[in-house]
Amino acid sequence: MSDSTIPASVEIVDTVSVIGLGLIGGSFAKALKENGAARRVVGFDRSPDELTLGLSMGVIDDAASSLKQAVECADVVVLAVPVRAVEAVLTDVKRCFKENAILTDVGSVKGSFVKAVENVFADIAPEDRPIIVPGHPIAGSEKSGVAAANSSLFSNHKVILTPLSERNPQAVAQISAMWSSCGATVLEMGVDHHDDVLAATSHLPHLIAFSLVDTLAGEGDSKEIFKYAAGGFRDFTRIAASDPVMWSDIFLSNSASTLKVLDHFADDLAALRDAIANQDSKTLLGVFTRAKAARDHFSRILSGQAYTTIMNTKNVIFKMKPGGEVKGVIRVAGDKSMSHRSIMLGSLADGVTEVEGFLEGEDSLATLQAFRDMGVVIEGPDEGRVKIYGVGVNGLKQPPGPIYLGNSGTGMRLFAGLLAGQTFDTELTGDASLSTRPMERVAAPLRLMGAVIETGDQGRPPMKIKGSSPLKGMHYDMPMASAQVKSCLLLAGIYAEGETSVTEPAPTRDHTERMLNGFGYPVRREGATASLVGGGSLKATKIDVPADISSAAFFMVAASITPGAHLTLKHVGMNPTRVGIINILRAMGGKIEVSNESIVGGEPVADLTVSYSPLKGINIPEDQVPLAIDEFPVLFIAAVCAEGKTVLTGAEELRVKESDRIQVMADGLKALGVETLVTPDGIEIEGSEIGGGSVYSHGDHRIAMSFAVASLRAKGEIIINDCANVATSFPNFEALAKQVGMQISVEHE
Ligand code: S3P
């Protein structure tokens, strides 16, 4: 499917004739008239009453006295008659079209229209036929007749054109322009594809609604049913009041596509029947939770909130007024690394795992959806609570299509390890940012274990993983300090024969090891090496995901650089492999108090109170780099606000994160008047004043939030472009930033 491009050169049509003044024909005629898309709109209907009513209502300019007259005078003929009437109507007037006239229609089935046109014009020379542009507005209502004509019926609706192979671009553009003038978005697709899609999204739902109402109306005392039928019945059956003749036509015209999807549905319905008969709550919950997730996603698309739709259509802009306060008590969003892992391990466990504090960000939601697609029943998330009905280490099923992991490198790399050991093939894809990130760092060692994996161009996504490849445990010395690579290999190790061990050049986050132990799967740690033996099983458990220290970091720096600031961050994850931000800020003179320390589910947790304190520049110790790997963008802001020079080295990994975080931060700082010195593995930053200006996040959530923090000390307004991705890790950043006193406003362009 593609958006059609409408040449600006399209001229206004002189005469449009609409044949059939029903709801759609009447509404289109009225909209064309009101929007000045045709100089004259002529109507014809086989019912003289409808025609007279249309004329008196101002739906049309003129009423044709015959079908022939309507066709003869028109530059564009719009056929708005029932789909099964097309052939008969056209046969009467096939020799009456003006030279170069365009014939279009509004029918819900395109295959039958095209067939009818072919039959009718078979004996007419191509140059004497009208130019055919089949069309279908995806709009309507259960009302019918010209009295219901509504000129805004198509506004913000889609219209699908299915141009034929001998397409005439100018004619397609002309019909596109007519629909666009009515406020519709015009798309193009092939005839067969259109009929398959519509059979599933429109025809089948109508069939079910008609059938259900008929069944219930015939059930015992139907008056009883209608008396007690509440919202569910009303919502579900509204479309059963649609025009019976039109719909019976549609099913008979689109029978092949409808039967395909109807058979599929009948099988699924039979499976639900069995599940009820067998008291099989797992099957019911599986279907219902998957359906709920899909419907929730659809609702968010409808309201323009889904990350994928925001990313595709909107530039989300943070407008940051200079100055502001940082005060109060907040709890930031749940830890992203642990949220991913809780779903993965909970799915592989035997039994039901309950998670609290789950991050409802787009990245971890993509992981959750992927496991649903592999047959795992997952309830929630509901205010951070998730219930996972584990299927056991060997219980995953092949997903119906490629697994989409959004923006998440963690998702893709950990999935690669886990899927390398399955019996089915899989493909992993991601968004534009993820599609540029290096995947050979996991694919190459997995191949050494026996996995069969293909990466895309230059070792980037998509990743194609072959199932049923026997894995053998191995030892791997990681060339880079990466928790993702380590975790990937350990997850593959569960499916491998013998022992898998990974040695890291510097300590990296160890949530995978801790959580596996929490699920009763022993992981040994000896010095820099983590190891496990394949073939074991996981036992369901409870997981409390603490607040993400990487999200808290934005507010820790915000409080540290803002005079008068005093902020408490509750229940923050304090895993020793993640606390580089605290160590570095303290070394710079930051004031951070730790209280309420406890261990929750094998992970240390505490409250942090951060107050303003003048900072000084430091040489950041290289051993802190992996411990603060995600916090550098915001630490660069702290460095700009510090007195003297801050030097970062040994941080080349920053160049392959969601963006090249060294270069992108240096470019943004430059736009705000701050000069830095970029080096291959780090940056040098002198403390200086921050000006106002416009910066780009380059699809990187942490860059966006870092520049938001910079505004607290800026001299002018900072405009941050491309911020939709903040939803991947910190969906309520805007709300919390406002709550503490930052001056943020968010715009969608
Ligand atoms: C993560 C590991 C880190 C980190 C990422 C999350 C994880 O990546 O940057 O945000 O959850 O394992 P690397 O392992 O590539 O350093």
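Predicted model: local features only at pLDDT ≥ 70, side-chain atom pairs only at ≥ 80, totals over all residues.

Domain 1 and domain 2 bury about 1000 Å² between them. Carbon and sulfur atoms account for 67% of that area. Ten residues from domain 1 and ten residues from domain 2 make the contact.

Where do these two domains sit in the chain? Domain 1 covers 3–189, and domain 2 covers 196–278. Two further domains complete the division. Domain 3 is written in two pieces, 316–331 and 546–748. Domain 4 runs over 395–543.

Now look at charge across the interface of domain 1 and domain 2. The rule finds one salt bridge there. In the chain, the side chains of Asp249 and Arg84 meet in a salt bridge, at 3.8 Å from N to O. The cut-off for such a pair is 4 Å, so 3.8 Å falls within it. By class, the side of domain 1 that touches domain 2 has five nonpolar, three polar and two charged residues. The count of residue pairs in polar contact between domain 1 and domain 2 is one.

Turn to the ligand. Which residues surround the ligand? Ser337, Arg341, Thr410 and Arg413 are among them. The run Ala481, Ser482, Ala483 and Gln484 also belongs to the surroundings. Arg509, Ile629, Asp630 and Lys657 complete the list.

Three of these residues can be followed down to atoms. For Ser337, an N or O atom in the side chain is 2.7 Å from an oxygen atom of the ligand. Lys657 also uses its side chain: a polar atom there lies 2.7 Å from a ligand oxygen.

Terms used: Residues numbered from 1 in each chain as written. Heavy atoms only, no water. Domains from an automatic or database assignment. Contact = heavy atoms within 4.5 Å. Buried area = accessible area lost by both parts, 1.4 Å probe. Polar contact = N/O pair within 3.5 Å; in protein donor to acceptor, adjacent residues only side chain to side chain. Nonpolar A, V, L, I, M, F, W, Y, C, P; charged D, E, K, R; others polar. Near = heavy atom within 4 Å.
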